[in-house]
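Please look at the sequence and structure below before reading on.

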Amino acid sequence: MAPKFFNDNLPFGVDSSYLRAIDDAIAYWEKRDGATFEKTPSESDANVRIQWVKEFGGEHLGYALGGQ
C-alpha cells in the first residue's frame with residue numbers, strides 16, 4: 001500500500017511555487033526507488049503530514065513528530 005501524504009496550506013504571503021518542491025521530491029523518490037505515494041485531501045487518512053512554516057527559526061529545516 002502506498003504511503004498517503006497530506007499537504008497543509010502555505011502560510012499567508014508565501015509564493016505557491018514552493019508547492020513544486022513536494023512534487024519534485026515525490027517524482028525523485030518514485031524514479032530513484034520505485035516508490036509510490038498517494039496524495040490525500042484528508043489529514044486523518046495520511047501517514048505523512050507536510051506543514052509549512054514561514055519562519056522556522058534555529059538551525060533545523062524540519063522535524064519528525066513522535067520519533068517516527
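## Overall architecture

Read from the N terminus, the elements follow the order β-α-β-β.

This is a predicted model, in which local features need pLDDT of at least 70 and side-chain atom pairs count only at pLDDT 80 or more, while totals for chains, interfaces and linings use all residues. Residues are numbered from 1 along each chain as its sequence is written, and side-chain values use heavy atoms, with hydrogens and water left out.

## Surface and contacts

Of the 68 residues in the protein chain, 15% are buried; buried means under 20% relative accessible area, exposed over 50%, and partly exposed in between (1.4 Å probe, protein chains only). The accessible surface of the chain is about 5,900 Å², and 51% of this belongs to carbon and sulfur atoms. Such areas come from the Shrake-Rupley method with a 1.4 Å probe, and for residues only the protein chains shown count as cover.

A contact means heavy atoms within 4.5 Å. Among contacts between residues at least 6 apart in sequence, 75% join residues at least 24 apart.

## Asp 8 and Arg 49

Asp 8 is placed in the loop between β1 and α1, whereas Arg 49 lies in strand β3. Asp 8 counts as buried because its relative accessibility is 15%; Arg 49, at 41%, is partly exposed.

The side chains of Asp 8 and Arg 49 are joined by a polar contact of 2.9 Å. A polar contact is a pair of N or O atoms within 3.5 Å; within protein, one must be able to donate a hydrogen and the other to accept it, and residues adjacent in sequence count only if both atoms are side-chain atoms. The side chain of Arg 49 also has a polar contact of 2.8 Å with that of Glu 43. Arg 49 and Phe 6 are 43 residues apart in sequence, yet their C-alpha atoms are 4.8 Å apart in space.

Terms used. Helix = DSSP H or I, 4+ residues; strand = E, 2+ residues; numbered from the N terminus.
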